Structures are given as structure tokens and as C-alpha cells.
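Work through the exercises below with the sequence and the model open. Try each task before reading its solution.

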Amino acid sequence: MRLNIEKIRLDFPILNTQINDRPLVYLDNAATTQKPFYVTKALEKYYKETNSNVHRGNHFLSQKATEEFENSRKIIQGLINANSEKEIIFTKGTTESINLIANVFGKKYINGGDEIIISEMEHHSNIVPWQIVCSDRKAKLKIIPINDNGEIIFGEFEQLITNSTKIIAINHVSNTLGTINPIKRIIKKAHENNIAVLIDGAQAVPHLKIDVQELDCDFYCFSGHKVFGPTGTGVLFGKEKILNKLPPYQGGGEMISNVTFEETTFNELPYIFEAGTPNIAGFIALAEAIKYFTNIGLEDIADYESELLEYATKMLLQIEGLKIIGTATNKASVISFVIDGIHSADIGTLLDQMGIAVRVGNHCTQPIMERFKINGAVRASFAFYNTFEEIDILYMGLKRAVSMLRD
């Protein structure tokens with residue numbers, strides 16, 4: 001079924017914005033997606049009609065807030081096909097989800113001489129937490145190399161695995177390269193060697209249908225603001241049998257069962273990992289975002305975004321001196337590129353003057369920049385509300401920018 005893009009765009013008020021008297025062309029979706037009015041309406045409605053803390057009151061508003069909040073957990077469980085609501089932990093975002101697991105898994109299972117494997121294409125948020133664990137626990141961080149297309153070299157990955165490997169942490173989709181990693185194959189290989197796997201799904205959930213039971217991953221993380229929901233919301237999926245063996249991440253309200261000055265006993269899943277008052281309005285609104293884009297149809301969205309990617313790739317490669325960074329066979333709707341002799345920041349500045357929003361710089365992936373021997377890149381990333389006409393505007397804007405910067 002072909003998406004009705006004109007109708008969809010009406011649901012996103014910000015797309016009507018004018019930048020320097022030009023219509024906004026928003027191509028920075030890998031950084032954050034725009035929000036349909038259903039999401040902002042849900043936020044407003046909560047604060048106007050339901051505002052109360054959850055799980056802690058027996059009055060009407062608290063019970064209503066708790067019901068809506070926990071219903072969001074059920075909707076997220078359905079989105080990724082988790083086995084139980086207990087496996088859905090609410091966090092501030094992918095970064096906190098990864099830090100949570102790095103902290104508690106590291107405390108429980110990582111010791112001196114143990115090894116952690118990540119890939120060369122990881123976002124900083126899936127590098128730095130593991131570096132900290134390795135420093136604290138005297139462990140070793142090992143890196144899966146990537147080829148010139150931006151794909152992991154599977155044979156070299158296999159050679160990195162030893163009896164000391166405790167966990168593998170890898171992204172599902174690269175935020176810079178767009179590469180869709182063969183994570184099911186990676187998970188299978190890891191489990192053959194009794195190794196846990198964490199998947200950074202921040203860039204995957206907006207574009208792909210995720211089934212954590214089919215993947216058989218131990219942990220899966222994503223951010224609400226990448227899937228058309230509010231900022232400050234995130235999800236950590238973890239297998240119940242594994243989460244139940246891990247220590248708490250933070251102490252405080254909600255994550256306890258009983259407290260005395262002599263001893264504290266902890267709450268059950270998922271609340272043991274949700275200390276303090278959560279972003280109640282944010283998660284209620286995130287559920288609305290999920291209902292919105294799943295009602296459009298995940299397969300139809302994927303097909304349309306694939307068409308956008310193919311068209312944008314064809315158009316941009318017509319620009320003299322332009323080189324795409326990340327040419328994997330299996331790729332999401334992200335294009336990062338450099339243009340000979342022109343700094344990415346200068347391109348971004350000129351495009352912004354034309355109302356075109358792209359991302360420039362290292363995209364929190366400095367090791368990728370080092371791997372490809374560049375100091376930064378321009379990134380255009382697409383969502384289902386983008387159009388072929390917007391790609392044409394990007395193409396013409398780039399041609400103009402190149403002409404101006406080379407004169």
C-alpha cells in the first residue's frame with residue numbers, strides 16, 4: 001500500500017515551519033524525529049487532566065495515571081514482542097539503558113582479564129560505558145573491524161571471541177553509516193559461546209520491525225525521541241531470567257520493597273531498575289507515538305523509506321566530488337557524505353540558510369571518522385514524512401552550496 005504522505009505530513013505541525021522564508025526540509029531524523037500532534041496532545045492531556053504520581057496513591061488521579069503509564073509498558077512490549085511486561089524497563093533513553101546494563105552486568109559478571117566486544121561503528125554511548133567498565137573491572141575491550149563499505153567483517157569478529165568474552169554490545173543500525181548489522185547471526189554465534197548480547201536499537205526501531213524473541217537478544221535498547229515520541233524517554237528490554245540476577249542500578253523510591261536502617265529489600269521487575277518518579281507524561285505520549293506509526297504500517301514505512309534512500313543516493317552521486325560514507329548492501333535510510341575540498345560545517349551552514357536541516361560533524365562516532373580518514377561528514381536521514389520533492393530540494397541546495405564554496 002502506498003503511503004498517503006500529504007495526509008501524514010498534516011499530522012506534524014512543525015513541518016509547516018518557514019526557515020528564512022523557505023519551507024523547512026527536515027532531514028535530521030537520525031538525531032531526533034518530529035512529533036505528530038497526537039503525541040503533544042497526550043502530553044498536554046496528562047498535565048491538564050491526570051497529573052499525579054504513579055504506583056503510590058490510592059486516589060483517583062494516581063490510579064488513573066498508573067493505569068495509563070502501565071498501559072504504555074504493554075504497548076511497548078507488543079511493539080518489540082517481549083515475552084513479559086516485566087522485561088520492559090523505562091529509562092531516559094538508549095544512553096541510560098546501555099549505561100544501566102554496563103554498570104550492573106559489569107558489577108555482577110565482569111572481572112579482571114575478562115573481555116567485552118563492540119564494533120568499530122558504535123555510537124559513543126555504546127563505547128564509553130564499556131570503556132569505563134573495563135577500566136573499573138580491569139577487563140579488555142575488543143573491537144570488531146569494518147570494511148570499506150561500512151560492514152562488520154564477520155570472520156574477524158569470530159576470531160575475537162574467547163573463553164574470556166562476557167558480553168557483546170553492538171548497534172542494530174549505524175547512525176552514521178546506515179548499515180543494518182546481521183545481529184541475528186551475531187547473537188547466534190555469541191550464544192553458542194555462552195556470551196550475552198546487548199543491541200543498541202536506537203536507529204533500528206524507527207525503520208524496522210523488531211522481535212526480540214525471534215532475535216533472541218539478551219538486551220535491546222531504544223529511545224522514545226527517535227520513534228516520534230518525547231525526549232527523555234527510553235526503553236531497555238532484558239530477558240527476565242537475566243534481569244532477575246542483576247543488582248540494582250540506582251537506589252531510591254519505587255525500586256524498594258522494604259527499608260530499615262539495618263537492611264533494604266528490593267522491588268520486583270521492572271521496578272527494581274526504575275528508581276524515583278519516572279517521566280510519566282513522556283511514556284504515556286510515547287505509547288501514542290507507537291500506536292501512530294504502527295497504525296500506518298511498519299512494512300509500508302520500510303518500503304517507502306527504502307525508495308527515498310535509493311532516490312537520494314542516485315541524486316546525490318550526481319554531484320561532482322561527493323562521496324558517500326557507508327555503502328553497505330543492507331542499509332537504512334541514512335546517507336552520510338563528504339565533498340572534496342569542502343568542510344562539512346560550511347555545507348551545513350549554507351543548507352540551513354536554504355531551510356534544509358541536515359546534521360554535520362562526527363555524529364558521536366569519532367572512530368568511524370578515523371576509520372574513513374575524514375574529519376566529519378554531512379548526514380541526511382529520512383523518515384516516512386519526507387518526500388521525493390525534499391530530496392530534490394536537497395540536491396539543488398547542495399549544488400548551490402558547492403558552487404558558492406568553490407568560487
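Helices (H or I, at least four residues) and strands (E, at least two) are DSSP runs, numbered from the N terminus. The model is predicted: local features need pLDDT of at least 70, side-chain atom pairs count only at pLDDT 80 or more, and totals for chains, interfaces and linings use all residues. Residues are numbered from 1 along each chain as its sequence is written, and side-chain values use heavy atoms, with hydrogens and water left out.

**Exercise 1. Describe the surroundings of Gly361.**

Step 1. Gly361 is part of strand 16 (residues 359-361).
Step 2. Its relative accessibility is 21%, so Gly361 counts as partly exposed.
Step 3. List its contacts (heavy atoms within 4.5 Å). Neighbours within four places in sequence aside, Gly361 touches Ser344, Met369, Gly376 and Ala377.
Step 4. Check Arg379, 18 residues away along the chain. Its C-alpha atom is 8.5 Å from that of Gly361.

**Exercise 2. Work out how helix 11 and helix 12 each pack on helix 14.**

Step 1. Two packed helices are described by the angle between their axes and the distance between the axes. Axes are lines fitted to C-alpha atoms, for helices over the stretch in contact, and angles run from 0 to 180 degrees between N-to-C directions.
Step 2. Helix 12 (residues 344-353) meets helix 14 (residues 388-406) at about 120°, with axes 9 Å apart. Angles under 35 degrees count as roughly parallel, over 145 as roughly antiparallel, 65 to 115 as roughly perpendicular and the rest as oblique. Helix 12 and helix 14 are therefore oblique.
Step 3. Asp346, Ile347, Leu350 and Leu351 of helix 12 face a set in helix 14 that includes Leu394, Gly397 and Leu398. The contact has eight nonpolar residues, one polar and one charged. For the classes, Ala, Val, Leu, Ile, Met, Phe, Trp, Tyr, Cys and Pro count as nonpolar, Asp, Glu, Lys and Arg as charged, and the others, Gly among them, as polar.
Step 4. Helix 11 (residues 298-316) and helix 14 pack at about 20°, with axes 10 Å apart. They are therefore roughly parallel.
Step 5. On helix 11 the contact residues include Tyr304, Glu307 and Leu308; on helix 14 they include Phe388, Ile391 and Asp392. This contact has 11 nonpolar, no polar and two charged residues.

**Exercise 3. How many disulfides are there?**

Step 1. A disulfide is a pair of cysteine sulfur atoms within 2.5 Å. The count is zero.
Step 2. For Cys134, the nearest cysteine sulfur is that of Cys221, 17 Å away. At 8% relative accessibility, Cys134 counts as buried.
Step 3. For Cys217, the nearest cysteine sulfur is also that of Cys221, 9.0 Å away. At 0%, Cys217 counts as buried.

Note on methods:
Buried means under 20% relative accessible area, exposed over 50%, partly exposed in between (1.4 Å probe, protein chains only).
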